[in-house]
Amino acid sequence: MSGSHPTTVESPWARRALIGVGFLFLALFLFLPLVMVFAGALAKGWQVFFDALVDPDALAAIRLTLLVAGISVPVNAVFGVAAAWAIAKFDFRGKSLLISLIDLPFSVSPVVSGLVFVLLFGAQGWLGPWLTEHGVRIIFAVPGIVLATVFVTFPFVARELIPLMAEQGRDDEEAARSLAATGWQTFWHVTLPNIRWGLLYGVLLCNARAMGEFGAVSVVSGHIRGLTNTMPLHVEILYNEYDFVGAFAVASLLASLALVTLGVKTVLEWRFGIHRAGAAH
Amino acid sequence: MRAPFPAVMAALMIGTIGLSACSGGGSNGKGSVELLNVSYDPTRELYKDVNAAFAKRWKDKTGQTVSFRMSHGGSGKQSRSVIDGLSADVVTLALGYDIDAMAERAKLLPANWQSRLPDNSAPYTSTIVFLVRKGNPKGIRDWPDLVKPGVQVITPSPKTSGGARWNFLAAWAYGKKAGGSDAAAQKYVANLYSHVPVLDSGARGATTTFVERGLGDVLIAWENEALLSEKELGAGKFDIVVPSISVLAEPPVAVVDANAKAHGTERAATEYLNFLYTPEGQEIVARNFYRPRDQAVMARHAATFPKLDMVTIQDFGGWGAAQKRFFADGGVFDAIYGGGKRR
């Protein structure tokens, strides 16, 4: 056991410099902006901060954001598991096409995603006249915002699970089937326990994006205050009204939700001693 | 395991339709009425005041409670949204063309909408002025000073912002007056846009760029936006420069008949717009730095609104012609901006 380990041949000085650069980068690009958001929110004290959050329009935005995330995350969790299952455990024609399609929302700009829904459901769109006739409103109403969010966030769970499930292979499932388990039994007792951490991680990422999505939602929202403004849109509106404390107060709440998400993930990983081997991209 | 896919789609559709049932607007019974006013960027403060005053008037007159929903954004973008189905009861936009588009493309209101209210359906006007940093360090007095070397001009994109189109036309009016020809005007305007470091999409975005981010030496702005910036947002940080020639901007208002009819809000919507023309409405307009139409109200605020030489949109053949010539795809602005910056 003599001599240096092959991966640590750098001098201590170089190592320290590298670590220092890493920390400096994090501080500059992650920590500092975060501090600025909270500092901006509290610039005029706690009272103004709370007033900005309990403003009816802000409350409506918070409710809408939670509603949208509450719908789109479960939908995408189900879709993600189904898609990953199909891709990882079965061979079928068009499999690579399906994988590419799942990645589509990542590669398309959110603005384009939003415009697609306007073209489909807008008053001048393909389905617009039919929808108007039947009094169904999708664009510039909550359903459009949910659809846009679902579209933008649907790769998160599937992308997290596909490599994990592919690596785990089909042996466990085949063993279960050979012991006469039904498809559902196999899924609940074999597959799901194997993927639960990957699934959780995907759901958390999906949730973070669903609450934070700006571009696609901005296109389909119509920006009606107190009605179709989500938190990110409300932040922009307040900022444009020169209400900087209000904007930062709502932004800090949004950031806090993200931090809570991160905290939950860390606690779970630590609590169960999980390392997400194989789940990484 | 192919079953979940249809199941998910079905759940999505059911959820969507279920939600759309909850989202309606308009009049629910006699007790209250809700109006959606889709407006352009700099009117936030104006309509906050107007809505409160009108709600009080309406309550006294009819006993009905009127509440308002506001949507603000670049005028062109807002118009597009209404065409795409944003169900505005009234629109209060930056220029007539954006409402013409609704009549033309979506038949939401009759083509003669502009003659239904006095003064071309524009209850208030404004003009284009310059906002400069305190003490006017670059010595900006008039249009020629904007194209001096080292001067940075902030104006939003005329593609998306109604205000920016007025800016463009004001600059054109100067170029034509100074050079005597359209070619000279185009040369001046092209030169001007080469001094623009960033094109925001709306007037409010441009103001924020200039006032908050501290970019640029001069903001070409609505007079109302400039007065607001000078008097309220950055008191003591800016000066207003009134150029020798500018345009008379007439931001029009209209009831969107198709939507108001569907919501049963026609009467309240019509009265709401009429309120803008009353002395009370005009006073609110003037206090929010828009030029009132009412001469008595104007006289009271003469110190705020200096007289200057103004061309009107009629000098450009109306909005239809101006839009086609200058701002449509392949128009003069594309030639200037595409040509000057990229190729």
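Residues 244–264 of chain A are 100% helix and 0% strand, with the end C-alpha atoms 30 Å apart; helices here are DSSP runs of H or I with at least four residues, strands are E runs of at least two, and both are numbered from the N terminus. UniProt (unreviewed entry) lists that stretch as a "transmembrane region", along with 21–42, 62–85, 97–123 and 135–158 of chain A, though such annotations may be inferred rather than shown by experiment.

This is a predicted model, where local features need pLDDT of at least 70 and side-chain atom pairs count only at pLDDT 80 or more, while totals for chains, interfaces and linings use all residues. Residues are numbered from 1 along each chain as its sequence is written, chains are lettered from A in the order written, and side-chain values use heavy atoms, leaving out hydrogens and water.

Here are two of those stretches:

| Stretch | Helix and strand | End C-alpha atoms |
|---|---|---|
| 97–123 of chain A | 85% helix, 0% strand | 32 Å apart |
| 244–264 of chain A | 100% helix, 0% strand | 30 Å apart |

Now for the interface. Arg137(A), Phe140(A) and Tyr242(A) supply 22% of what chain A buries against chain B, more than any other three residues.

As for salt bridges (a Lys or Arg side-chain nitrogen within 4 Å of an Asp or Glu carboxyl oxygen), the count between the chains is zero.

Note on methods
Buried area is the accessible area (1.4 Å probe) that two parts lose on being put together, summed over both.
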